[in-house]
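Q: I have a chain open and would like to talk it through before I write anything up. Could you go over it with me?

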Amino acid sequence: MNKLLLPLLVLVLFCQGCAQVKPWERGNLARPEMAFSSDALEQKIQDHIYHGKEASQTVTAGAGGGCGCN
């Protein structure tokens, strides 16, 4: 019984965090104050520098090897 209870409890906890955003609520999420950074260009430059130094790519990055040359 306890083996089943713990996964079920974890599943319930994860499902509580999920909420469907209604179409009329999406405008609130697209507001500039909801962004992680207020300056999108500055954030993009910082991401490029960071990922160039770390030799990694972001999810939004296009082609490139992480050398920071593109």
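Q: What does the accessible surface of the chain come to, and how much of it belongs to carbon and sulfur atoms?
A: This is a predicted model, and in it the accessible surface of the chain comes to about 6,600 Å², with 64% of that area belonging to carbon and sulfur atoms.

Q: And how much of the chain counts as buried?
A: Of the 70 residues, 3% count as buried.

Q: OK, which elements does the chain have, in order from the N terminus?
A: The order is α-α-α, that is, three helices and zero strands.

Q: What is the mean pLDDT, and where is confidence lowest and highest?
A: The mean pLDDT of the chain is 78, and 77% of its residues reach 70 or more. Confidence is lowest in H1, at a mean of 81, whereas helix H2, which covers residues 26-29, is highest at 88.

Q: Back to the surface, then: which residues form a nonpolar patch there?
A: The patch is formed by Leu6, Leu9, Val10, Leu13 and Phe14, which together have about 530 Å² of accessible area. Of these, Phe14 lies in helix H1, which spans residues 2-16.

Q: Is Phe14 itself buried or exposed?
A: Phe14 is exposed, because its relative accessible area is 63% and the cut-off for exposed is over 50%.

Q: Switching to charges, how many salt bridges are there, and which side chains meet?
A: The count comes to one salt bridge, in which the side chains of Arg31 and Glu33 meet at 3.9 Å, N to O. As background, side chains of opposite charge can pair when their charged atoms come close.

Q: How exposed are Arg31 and Glu33?
A: Arg31 is partly exposed, with a relative accessible area of 44%, while Glu33 counts as exposed at 58%.

Q: Now H3: what is its reach, and what was expected?
A: Helix H3 runs over residues 40-54, so 15 residues in total, and reaches 21 Å from its first C-alpha to its last, close to the 21 Å expected at 1.5 Å a residue.

Q: What caps the N-terminal end of H3, and what follows the helix?
A: Asp39 caps that end, with a side-chain oxygen 3.4 Å from the backbone nitrogen of Leu41. After H3 comes Ala55, whose phi is positive, near 60°.

Q: How accessible is Glu42, then?
A: Glu42 counts as partly exposed, at 37% relative accessibility.

Definitions and conventions. Residues numbered from 1 in each chain as written. Predicted model: local features only at pLDDT ≥ 70, side-chain atom pairs only at ≥ 80, totals over all residues. Heavy atoms only, no water. Helix = DSSP H or I, 4+ residues; strand = E, 2+ residues; numbered from the N terminus. Polar contact = N/O pair within 3.5 Å; in protein donor to acceptor, adjacent residues only side chain to side chain. Patch = residues over 30% accessible without salt bridge, like charges linked within 9 Å, V, L, I, M, F, W, Y side chains within 5 Å. Areas by Shrake-Rupley, 256 points an atom, 1.4 Å probe, with all protein chains shown as cover. Salt bridge = Lys/Arg side-chain N within 4 Å of Asp/Glu carboxyl O. Buried < 20%, exposed > 50% of the residue type's maximum accessible area, 1.4 Å probe, protein only. pLDDT = per-residue confidence, 0-100.
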